[in-house]
Amino acid sequence: MIIRDLSGMEEFFKAEQLQRDVWGADDTEDPADLMMVIQHEGGLVAGAFEGESLLGYVFGFPTREPHVQHSHRLAVHPDQRGKGLALSLKRYQRDWCLARGISLVRWTFDPLRHTNAHLNIGRLGAEVSTYHPDYYGVMKGINAGLPSDRLRADWHLASERATLCAAWEPGQPMTPAPASALQVPIPPDLDSLLAQDEQAALAARMRVRAELTRLFEQGQRIRGYDAAAACYLLWG
């Protein structure tokens, strides 16, 4: 398996299909030609390949600030999950950006998705202090059924924590959070909760929205994530 920038329309069409495999057949947000053009204009579209097969990809584009990239998509084929591929793709993105003078990567993610929180906060060292209620409005596919709330991850690529995370290997201890860190738990499996009790999932959305919004207004930031407890850790 190798990770490299995509090349040629055939590979961009593979990325377009992969987003449908991950987010549902109704998801056609990023067509192949758009990704190709954005890459041509200075964006990142990189994939993990095994032979001719695209196992995952990451897609980011420039912003009005030259040192900032917006990371729009990270997709891993359902058959390839649990193998550390998402982490490898994000590390490729970090190296790619730093080589081009980009020091901050931003993206949004669902506050209730444990896997995303564990990767973004726990494994990459991103921080969060911005909450967007119902950011995209009504959504389809795997995002259907709840208000589309999103957290904005701020990944300062050269920060001490991001640098430590980049050097982390499985089995090594991570830097512990301070004992005074505040905790905001989330459901450990949002998809199962939605399937079993949509009202409980909605209640979790509203609770986490209220708690995080209040804490952000008080100057707290998400700086850690307890994967075992499915819990955000905040301190100032």
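Is Cys 97 buried or exposed? I began with this residue in what is a predicted model. Cys 97 counts as buried, because its relative accessibility is 0%.

**Cysteines**

I then looked for disulfides and found 0 in the structure. Cys 97 takes part in none, and the nearest cysteine sulfur, that of Cys 165, is 16 Å away. I checked Cys 231 as well. Its closest cysteine sulfur is in Cys 165, at 18 Å, which is too far for a bond. The cut-off I needed here is 2.5 Å between the two sulfur atoms. Cys 231 is buried too, with a relative accessibility of 4%.

**Helix α1**

Next I took helix α1, which runs over residues 9–23 and has 15 residues. I asked what span to expect at 1.5 Å a residue.

Which residues of α1 are buried? I noted Glu 11, Phe 12, Ala 15, Glu 16, Leu 18, Gln 19, Val 22 and Trp 23. Looking down the axis of α1, I found these buried residues within an arc of 160°, so they line one face of the helix.

Just after α1 comes Gly 24, for which I noted a positive phi of about 115°.

**Aromatic rings**

How many aromatic pairs are there? I count 4 aromatic pairs. One of them joins Phe 59 and Phe 61, with the ring centres 6.1 Å apart and 65° between the planes.

I compared the surroundings of the two rings. Phe 59 counts as buried, at 1% relative accessibility. Phe 61 is partly exposed, with a relative accessible area of 25%.

**Arginines over rings**

Last, I looked for charges placed over aromatic rings. Which ring does Arg 4 lie over? Arg 4 lies over the face of Phe 49, and its distance from the ring centre is 4.0 Å. I found Arg 100 over the face of Trp 96, at 4.0 Å from the ring centre.

Note on methods
Residues numbered from 1 in each chain as written. Predicted model: local features only at pLDDT ≥ 70, side-chain atom pairs only at ≥ 80, totals over all residues. Heavy atoms only, no water. Phe/Tyr/Trp six-rings, centres within 6.5 Å; stacked < 30°, edge-to-face > 60°. Buried < 20%, exposed > 50% of the residue type's maximum accessible area, 1.4 Å probe, protein only. Lys NZ or Arg CZ within 6 Å of the ring centre and 35° of its normal. Helix = DSSP H or I, 4+ residues; strand = E, 2+ residues; numbered from the N terminus. Expected span 1.5 Å × (residues − 1). Arc of directions from axis to C-beta.
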